[in-house]
Amino acid sequence: MKSYFEDISSKATYNIQNLFCNTTESLTQANQTADLQRENFEKQIASLEHELTNTQSDLESRTKKYEMQFLALTENLATVRGELKIAHEKLVDFEQIKREKADLQGRLTTSQDENRMFLERSLTSESRNEKLLLENGQLAKKNSDLESALQELAGEYQNLQIHTNKLTQRRWLNDQDVHECMKCNQLFTLTQRKHHCRNCGNIFCDTCSSKTAIVAAASKKPQRVCDQCFKELTS
Ligand SMILES: [Zn+2]
Ligand SMILES: [Zn+2]
């Protein structure tokens, strides 16, 4: 009996020992695994920390770079704003110049029109001038013609004056000295009366002194003249 219990007890002890052994082994293995995992984690953490540091420094350098870029851009913006302001002023000036140009163009067109008008007027007055010159030439010719005609007339007038002087120097013949017509020789009687020619002063019958003519420039009334004087006075 005793051996049976002893046997069971030893078996149980063995089993427990065996179990303990197994458990210890498992624990050791688990510990080893945990250690391994911890090492891995630590490595990962270190790596991540390193990465983080890198990233931070990268970020810092980028931030600095961006800040510098921002500063540069701000300066550029200020410059661009200044340029924009200048450009705007120039644009205002340009608009002003454009308006002035349009105004000047309008004035130019007006003055061109005026110029054309003046030119037309000038051409018209030129042709009128030519016409007047032509008329002037014609008038000058007419004038010289008239002058020569006047000279001719003056000559004739002088001749006439000489002739008139000659004629006026003749005196009326006395009635008593003449007994017959000085042209047809008909004797004068009581019915055949004597007539003086008012131009030459000679005595004629009625038939030979039947005509009348203006004798002197002073008298406009026609006077009795002989046939010879009539011919001279009216030719
Ligand atoms: Zn007579
Ligand atoms: Zn007469």
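Let me begin with a definition: a contact means heavy atoms within 4.5 Å. Among contacts in the protein between residues at least 6 apart in sequence, 30% join residues at least 24 apart.

A word on conventions. The model is predicted, with local features needing pLDDT of at least 70 and side-chain atom pairs counting only at pLDDT 80 or more, while totals for chains, interfaces and linings use all residues. Residues are numbered from 1 along each chain as its sequence is written, chains are lettered from A and ligands numbered from 1 in the order in which they are written, and side-chain values use heavy atoms, leaving out hydrogens and water.

Turning to the fold, the protein has two helices and four strands, where helices are DSSP runs of H or I with at least four residues and strands are E runs of at least two, numbered from the N terminus. Along the sequence their pattern is α-β-β-β-β-α. The radius of gyration, taken over C-alpha atoms, is 80 Å, well over the 18 Å that the globule rule gives for 235 residues, so the protein is more spread out than a compact globule. That rule is 2.2 Å times the number of residues to the power 0.38. The C-alpha trace spans about 250 × 35 × 20 Å along its principal axes.

How much of the protein is buried? Buried residues, those under 20% relative accessible area with a 1.4 Å probe and protein chains only, make up 9% of the 235 residues.

Finally, an automatic or database assignment gives domain 1 (74-169) and domain 2 (172-235). Their centres, over C-alpha atoms, are separated by 71 Å.

Terms used. Buried means under 20% relative accessible area, exposed over 50%, partly exposed in between (1.4 Å probe, protein chains only).
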